[in-house]
Amino acid sequence: MINDKKVLFSGMQATGNLTLGNYLGALKNWLTLSNEYECFYSVVDLHSITVRQDPAVLRKRARALLTLYIAAGLDPEKNCIYYQSHVSGHAELSWILSCFTYMGELNRMTQFKDKAAKHADNINAGLFTYPVLMASDILLFQSDVVPVGIDQMQHLELTRNLAQRFNAIYGDVFTVPEAYIGKTGAKIMSLQDPAKKMSKSDENVNGSIYLMDDPDTIMRKCKRAVTDSMAQIRYSDEQPGVKNLLNIYCTCTGKTPEEAEREFDGKGYGDFKMAVGEEVIAVLKPIQDRVKELEKDKAYIDGVIKNNAEKANYYASKTLRKVQRKVGFPDRIR
Ligand code: TRP
């Protein structure tokens with residue numbers, strides 16, 4: 001608990017351009033949760049270098065992502081918005097926890113297997129121990145809840161196991177975190193292939209709406225979205241393209257699929273897609289404007305970065321000192 005509130009941790013990687021799926025599936029939930037919890041929202045740059053990065057691009061994207069957190073509505077006075085690399089405790093705790101993690105556990109991680117297959121030329125040790133770093137992110141702040149997608153559940157399970165294992169040996173050191181799976185649930189799929197998740201790493205840029213796409217581009221992508229030849233707007237698994245567009249429409253407007261079905265009853269796909277495009281623009285445009293505004297205010301963003309890194313370091317050190325003491329490292333001399 002911090003300030004009588006439960007603690008929440010989550011993070012995103014600044015690799016690739018964030019999509020509408022990232023916003024509707026994650027960021028939007030973060031906003032709601034930020035009222036209830038003491039939140040740490042990190043730009044997890046340590047994680048990003050498990051895959052080779054261009055340094056200048058990574059630095060730029062990390063700042064863009066941090067700015068986007070704020071532009072999306074997260075108040076940096078209330079939420080700790082910071083770069084993971086500015087808090088050395090992540091790496092320090094990760095080393096300690098790696099000594100309590102079994103090779104077999106990491107070997108079972110499906111994301112490691114996927115990524116190793118995808119980056120066969122660079123299967124580095126960091127890629128393998130990535131879940132330990134993620135566990136450290138979470139445990140470092142004694143987090144109670146962690147909003148994650150289903151694809152991260154296995155990592156969260158490992159985090160819980162590590163916390164319990166450590167606590168069993170050393171007493172109550174870590175809070176054992178719970179996953180928070182978003183209520184909206186609707187996964188946003190690719191506009192070009194509704195069987196695939198909308199992804200920032202998709203090679204087909206028409207499949208994803210990026211958060212910084214301009215209105216014309218958004219409209220064009222919506223109009224080009226793959227549908228079917230059934231000529232009816234129904235929320236059904238037989239029409240995955242239409243269903244996905246309805247999910248987008250409903251998440252943007254707050255309407256239910258039934259309401260949307262009624263609204264578009266008898267309408268053509270052309271009108272429907274245009275309506276979806278308009279709602280997406282209505283959601284993204286204010287965020288984009290705010291990003292542009294914030295980008296001009298370098299001093300403000302720098303201040304956020306500095307203050308929040310200090311805050312994160314303060315809480316991280318508390319946990320870290322305790323852990324270091326427990327495992328037998330000597331006290332510091334002041
Ligand atoms: N691994 C997460 C992802 O790729 C990002 C992440 C890193 C994270 N550390 C975290 C998410 C801690 C939640 C909590 O999406």
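## Ligand shell

Strand E1 (7-12) and helix H7 (125-140) each contribute at least two residues to the shell around the ligand. The model is predicted. H7 gives the largest share of that shell, with 4 residues.

There are 13 residues around the ligand. Those that come nearest are Phe9, Tyr130, Met134, Asp137 and Gln152. Sorted by class, the shell holds 7 nonpolar, 5 polar and 1 charged residues.

For Asp137, an N or O atom of the side chain is 2.7 Å from a ligand nitrogen. For Tyr130, a polar side-chain atom lies 2.8 Å from a nitrogen atom of the ligand. Gln13 faces another element: a polar atom of the Gln13 side chain is 3.5 Å from a ligand oxygen.

On its own, the ligand has 360 Å² of accessible area. The protein covers 88% of that area.

## Packing of H3 and H13

Helix H3 (residues 55-71) packs with helix H13 (residues 298-327). Their axes are 11 Å apart, at an angle of about 90 degrees. Angles of 65 to 115 degrees count as roughly perpendicular, so H3 and H13 are roughly perpendicular to each other.

From H3, the contact uses Arg63, Leu66, Thr67 and Ile70. From H13, Lys298, Tyr300, Ile301, Asp302, Val304 and Ile305 take part. The residues of this contact comprise 6 nonpolar, 1 polar and 3 charged.

Conventions. Residues are numbered from 1 along each chain as its sequence is written. This is a predicted model: local features need pLDDT of at least 70, side-chain atom pairs count only at pLDDT 80 or more; totals for chains, interfaces and linings use all residues. Side-chain values use heavy atoms; hydrogens and water are left out. Axes are lines fitted to C-alpha atoms, for helices over the stretch in contact, and angles run from 0 to 180 degrees between N-to-C directions. Angles under 35 degrees count as roughly parallel, over 145 as roughly antiparallel, 65 to 115 as roughly perpendicular and the rest as oblique. Contact means heavy atoms within 4.5 Å. Ala, Val, Leu, Ile, Met, Phe, Trp, Tyr, Cys and Pro count as nonpolar, Asp, Glu, Lys and Arg as charged, and the others, Gly among them, as polar. A residue is near a molecule or strand if one of its heavy atoms lies within 4 Å of it. A polar contact is a pair of N or O atoms within 3.5 Å; within protein, one must be able to donate a hydrogen and the other to accept it, and residues adjacent in sequence count only if both atoms are side-chain atoms. Accessible areas come from the Shrake-Rupley method with a 1.4 Å probe; for residues, only the protein chains shown count as cover.
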